[in-house]
Amino acid sequence: MLTSVESIPLQFVNTIDLRSNLLQGSLPIPPNSTEYFFISQNNLTEEIPSSICNLTSLVMLDLARNNLKGAIPQCLGSITALQVLDMRLNNLSGNIPTTFINESSLSSLNLHGNKLEGKIPQSLTNCKQLEVLDLGDNHLNDTFPVWLGTLPKLKVLSLRFNKLHGPIRTSRIENMFPELRIIDLSYNAFSGNLPSSLFQHLKAMTTINPSMGTSRFGGDRYYQDSIAVVSKGFEREIVRILFLYTTIDLSNNTFEGHIPTIMGDLIALRVLNISHNRLEGHIPPSLGRLSLVESLDLSSNHLVGEIPAQFASLTYLAVLNLSYNHLEGCIPQGNQFQTFENNSYEGNEGLRGFPVSKSCGTTYAVSGQLDGEESNSEFLSDFWKAALMGYGSGLCIGISIVYFMMSTGKPIWFARIIVKLEHKIMMGRRKKQRRQRNCRRRNNH
């Protein structure tokens with residue numbers, strides 16, 4: 001296993017793959033003819049030398065998972081052949097290069113997990129082939145880059161864990177984000193209403209396409225795109241993301257207002273997370289149309305009303321989190337709802353039914369045991385009063401009083417009373433027959 005850059009044989013070859021070694025020190029610069037340079041998962045610690053831009057034939061550059069520091073060379077944006085630039089999980093600082101040119105072939109740009117600052121460069125709009133853009137977990141301070149919506153092939157946009165702020169506004173261009181399948185804006189400071197105008201443009205999320213194609217790097221030979229997403233309550237790295245997950249994560253912002261009904265049209269969604277915001281109003285029943293959704297998190301908002309009954313038809317739903325809202329009423333039953341535990345609903349004092357402790361609806365078999373004895377004795381007392389009134393004032397009046405009580409009371413208690421009366425009458429007859437038999441025996445003796 002290689003342990004230092006001095007021992008690397010730099011030959012004039014098109015591909016150099018030094019991934020997952022114990023390399024230390026500065027980044028070695030391969031021959032100018034190199035097209036594929038992979039040196040991720042090492043311990044390189046110095047700055048990236050600007051001489052890396054002499055590799056004008058470079059197609060893929062993978063420097064991920066090192067400890068590289070300093071700024072990203074501006075000249076990297078002007079390498080026209082470059083298709084993949086992966087520098088995630090380093091200690092890079094400064095600004096993102098602003099020099100991306102019209103002739104760019106860039107399809108995947110991953111700068112996740114660095115210390116990059118400033119704004120998102122508008123020169124990225126020149127990258128018409130861009131499919132994956134991951135700028136998450138940095139210190140970017142900007143508003144929502146709506147102009148990225150003009151990129152015709154963009155499938156993945158991750159801006160999570162930054163300092164992005166303000167409302168999300170879209171332009172009047174009709175065809176915005178036409179191919180977007182993953183958008184992660186979580187852990188920022190976005191505000192205002194959830195962007196209905198953005199959702200109506202996400203055409204790739206409104207159709208279920210099982211034959212969705214892979215990226216041009218879908219083969220296993222060189223490189224696979226990946227991204228970190230929160231799915232089913234856990235952060236995980238999704239590999240070959242371009243044909244697996246369809247995700248919207250807007251959690252941990254300060255969005256307010258109602259959940260747009262139009263979100264129910266995004267039927268290809270697998271993961272929807274809009275938790276930890278300031279959303280209010282009812283949960284739209286249209287979300288029950290998300291037939292493929294596996295993880296749905298609406299927790300820690302100010303939502304009110306009942307859980308839509310349509311949710312019971314979400315047969316792929318594995319994780320549901322509605323906790324810490326102001327929901328009330330009966331929890332839907334059947335299908336996946338039989339598998340959810342109390343933590344899916346905690347913090348909603350008005351919810352009833354399985355699996356929370358409070359009963360839902362009128363369940364006589366249970367409520368009759370819990371609070372029925374008092375009602376039964378009370379009703380029984382009233383019944384005897386009515387019967388005595390009927391005895392004193394005539395049979396017709398007594399029957400009328402009993403009828404009135406039945407029409408305003410609980411007939412099931414009356415049915416139970418009739419059974420008890422029948423039992424008392426039978427026992428009375430038996431006692432009378434016993435007394436008669438005893439009298440006969442005494443007379444015979």
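Cys127 is buried, at a relative accessible area of 0%; buried means under 20%, exposed over 50%, and partly exposed in between, using a 1.4 Å probe and protein chains only. Before I go on: this is a predicted model, where local features need pLDDT of at least 70, side-chain atom pairs count only at pLDDT 80 or more, and totals for chains, interfaces and linings use all residues. Residues are numbered from 1 along each chain as its sequence is written, and side-chain values use heavy atoms, leaving out hydrogens and water.

Now the disulfide. A disulfide is a covalent bond between the sulfur atoms of two cysteines, taken here as a pair of sulfur atoms within 2.5 Å. How many does a search of the whole structure find? One. Cys53 and Cys75 form it, with their sulfur atoms 1.7 Å apart. Cys53 sits in the loop between β4 (43-44) and β5 (60-62), and Cys75 in the loop between β6 (69-70) and β7 (84-86), so the bond ties together parts 22 residues apart in sequence. Helices (H or I, at least four residues) and strands (E, at least two) are DSSP runs, numbered from the N terminus. The torsion about the S-S bond is about 75 degrees, so the disulfide is right-handed. Cys53 is buried at 12%, while Cys75 is partly exposed at 26%.

Next, the backbone. Most residues other than glycine have a negative phi, and most peptide bonds are trans. Arg65, in the loop between β5 and β6, has a positive phi near 55 degrees. Leu89, in the loop between β7 and β8 (91-95), also has a positive phi, about 55 degrees. The peptide bond from Phe354 to Pro355 is cis, with omega near 5 degrees.
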